[in-house]
Amino acid sequence: MGDEYPSLFRSEQMSLVQLIVPTEVAHDTIAELGELGNVEFKDLNPDVNPFQRSYVGEIRRVDEMARRVRFFSSQIEKDKDKVPIRPLYDSAPLLTVGPRAAHTMDELDVKLAEHETRLIQMNDSYQLLSERTKELVEARHVLRETAVFFERASGYQQDVRSSFDDSSAPLLQHDDREQQYSSSNIQFDLEFVAGTIERSRLPTFERVLWRVLRGNLYMNHTDIQEPFVDPTTGVETRKNVFIIFAHGDTLLAKIRKVAESMGATLYPIDANADKRAESMREVTARLEDLQVVLFNTGINRRAELVTIGESLASWQDVVRKEKLIYETLNLLIYDVRRKTLIAEGWCPTRDIPMIQVALRHATEESGTNVPPILHDLKTNKTPPTFNRTNRFTEGFQTIMDAYGIASYQEVNPGLFAVITFPFLFAVMFGDIGHGFITFMSAAIMILLERRLLKADLGEIFGMFFFGRYIILMMGLFSMYTGLLYNDIFSKSLHLFASGWSWPEDPGNQTVTAIPNGHTYIFGLDPGWHGADNALLFTNSYKMKMSIVLGVVHMTFALCLQVPNHLRFKRYTDIWTNFVPQMIFLQSIFGYLVVCIIYKWTIDWETSPTGPPSLLNMLISMFLSPGTVDPDTQLYRGQSTVQVILLGLAFVCVPWMLIAKPYLEWKEMQKIHGQGYIGLGTDEAPRDISDTVMEGEEEGNGRAVVEAMEEEHEQHDFGEVVIHQVIHTIEFCLGCISHTASYLRLWALSLAHAQLSEVLWTMTIEGVLGMSGVFGIIAILLMGVVWFILTVGILCVMEGLSAFLHALRLHWVEANSKHYEAGGYEFAPLSFASLDEN
């Protein structure tokens, strides 16, 4: 089996290899194997703390470099103008292997540190300048708005009333001073506080001041139209200018404390108009200078980001690879005697020559003359499961792996899912039109495959793109089953001569079609379309078809037990499990399928008996074996055949229950009869050949010891009996429930066809009789509505529903018959997986 060319029928044959790597080429060797991507390294230091391993210092250094690269990436993303990033395939490669690898990494570390230092300094300068600019802009607004307020106040006429008892009397003016003021030259005896506050906090600010000062204040505020943008977060903030008048230093101190607690910014504003004008000129001049400096700082910062963007992709690639290389090197152990590193790992057997070529290439790149040595180790450990896939089979294999990873060398159901999965989907989704839409959508994704692979598609569309070949096959098979159903957007095709003729001019009476001697060559006769009993016919046809397909699918899945039993040398399981299970399934449900097909072949119009109900026949086969009603008899000798089949089914139950435990018991008695006694693993002697001992002396002993530790798990007789009882009950009950589960093929197919017909009737059919311009417009509008609903509901939503049901039929109904799924996935060191992530 190992010499055959590998296929998806079984997982690839794996080998446990040992690498003896000189320390001077260790880095380049791991890098070369990472590019190759077909070696899964084992951790040979499971008891060593991660912080105490050999290459912790290098990993910390690479982590620091990765942090700087992430910092650069975040700064580029936050920049308001898009910074171009040169793609990896267009970037100059960094040589991190060979004699100059260490020097290259040192230069890269220094370069990243320099870029980080410059960028941090520019960020700090830009943020400091932005804060100062923001303060000056706020001060300018405060000066401008307070000047407007004072100018407006100087034009008001004195019209105030005096009040000594009323607390709501105006604070700015009092009646006893009314004669002292003139309307042209107002002077205030109140001091004031001015500043800015966030607009959302202003109402709260007013209420707090009113309660704290008990109304002894006068407040005015104005909106600042331009928003303030935080240079760090980019968040916009809307602010207001406020000015508050009050008596005395105590109240002013309270106002300042409340304002500071509410996040307001206070500015010292002079009451003298000349001084305010001088302050305005000074603020404006400083603001212009700051804006020039800020603009130049932004230009320099963007130039730095553009320079970083030229090399960012290559830096990210190098840092990710270097970290993975050193993490892998920490899995190796150091042989003090040879002064070399020793690695062990799994790889596909047929890839060993490629690995040896890669090892020689790594030696040449590093400039040394001592190549790594590869040993193929013998072991009893269970290898990982690796199914080599391509773009077409990857999606189908992923579906099966989601259920469980196949055991090593087990028959892989992913191979057969390439056909069975889209076919069962199409049975539920059969429509030529809907299948064509599905097929074309997948074909477009495949034609644009290279462009879409480089784009960020998002989570949802990315899943559809990953399954593009599954969608392609589902659309193709849906068109095939649509031809079988003769259904295209709920309408029928007249591809061949119909087998039914309709009388002409029937009027309003119900008429019956007349057979004309023709036979519709392929698919459902279009004469059934529009008939009153069309639903009854298709209902019966699809229901029986789903049972036939279900039993065939389960039978095929059950037959896949045989190659597994032969491969793993479980020959007794063929006679104790497979044969009785097959007889049980076929004696009941295989018989039902034969009856369905036989019933289809009979012309019941010429038959002396009426067509029997097969469901009632199957029920009476169990409840009253040996008795068949002559009026509903399907064939001669039916009662005898049913008794024999029922007897076979009942015999299979104790067969499955007893045979395997009995053979296991006989084997145990035979071993005990020969005088052997099972010993514990600690005391059991090892029977090791000279070759193995020699390998241990050469440093290969670890794999041998681990292989001895992982023998197949032994079960006592009680566990075997319990497992067989559970397995038998599960299979017998599962045959009934799983056969009924395949009726979902009938249900979803019927629902899909009826929904398609209802959608056509409620949209296009209602406007087909209209004429003139209004009729054309109505047809166009309803055609668009019909197409959108067809794609959204029938193709997407119904398609997802049929997909999930087909998935369940494979996972539960089929895989439970043969699939052990007890393996673990092959996870090699691969730089390609880093690029995908």
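This is a predicted model: local features need pLDDT of at least 70, side-chain atom pairs count only at pLDDT 80 or more; totals for chains, interfaces and linings use all residues.
Strand β4 (residues 218-223) and strand β7 pair in the antiparallel sense over six bridges, where pairing requires that DSSP finds at least two bridges between two strands. Residues are numbered from 1 along each chain as its sequence is written, and side-chain values use heavy atoms, with hydrogens and water left out.

Back to the pair. Thr-222 has Val-241 as its bridge partner in β7. On β7 there is also strand β3 (residues 191-198), joined to β7 by eight bridges and running antiparallel to it. There, Phe-192 is partnered by Phe-245 of β7. β3 in turn is joined to β8 by three bridges, again antiparallel, with Gly-195 standing opposite Leu-266 in β8.

Put together, the four strands form an open antiparallel sheet in the order β4-β7-β3-β8. β4 and β8 (265-267) stand at the edges with a single partner strand each, so one side of each has no neighbour in the sheet. From one strand to the next the twist averages 25°. For the record, helices (H or I, at least four residues) and strands (E, at least two) are DSSP runs, numbered from the N terminus.

How many of the residues of β7 are buried? Eight of the eight residues in β7 (residues 239-246) are, so this strand is largely enclosed by the rest of the structure. Buried means under 20% relative accessible area, exposed is over 50%, and partly exposed lies in between, with a 1.4 Å probe and protein chains only. Lys-239, Val-241, Ile-243 and Phe-245 point one way from β7, and Asn-240, Phe-242, Ile-244 and Ala-246 point the other way. In β3, six of the eight residues are buried.

Helix α4 (residues 202-213) lies across β3, β4 and β7 and runs at about 175° to β4. Helix α5 (residues 248-261) packs on the sheet, touching β3, β7 and β8, and its direction makes about 5° with that of β3. Axes here are lines fitted to C-alpha atoms, for helices over the stretch in contact, and angles run from 0 to 180 degrees between N-to-C directions.

Next, a helix pair. The axes of α8 (residues 391-403) and α9 (residues 413-429) come within 8 Å and cross at roughly 100°. The two are therefore roughly perpendicular to each other, the range for that word being 65 to 115 degrees, with under 35 roughly parallel, over 145 roughly antiparallel and the rest oblique. Phe-392, Phe-396, Gln-397, Ile-399 and Met-400 of α8 meet Pro-413, Gly-414, Ala-417, Val-418, Phe-421 and Pro-422 of α9, contact meaning heavy atoms within 4.5 Å. By class, that is nine nonpolar, two polar and no charged residues. Ala, Val, Leu, Ile, Met, Phe, Trp, Tyr, Cys and Pro count as nonpolar, Asp, Glu, Lys and Arg as charged, and the others, Gly among them, as polar.

Phe-421 comes up again in the largest nonpolar core, which has 67 residues; Phe-421, Phe-584, Tyr-591, Leu-614 and Leu-745 touch the most other members. A nonpolar core is a set of buried Ala, Val, Leu, Ile, Met, Phe, Trp, Tyr and Cys residues joined through side-chain atoms within 4.5 Å. Helix α16 (residues 571-600) gives the most to this core, 13 residues. A second, separate core of 45 residues includes Ala-26, Leu-33, Ile-308 and Leu-834.

Ala-26 and Leu-33 are also among the buried residues of helix α1. In α1 (residues 26-36), eight of the eleven residues are buried. Just after α1, Gly-37 takes a positive phi of about 75°.

Last, the totals. The protein has 23 helices and 13 strands, and buried residues make up 43% of its 837 residues.
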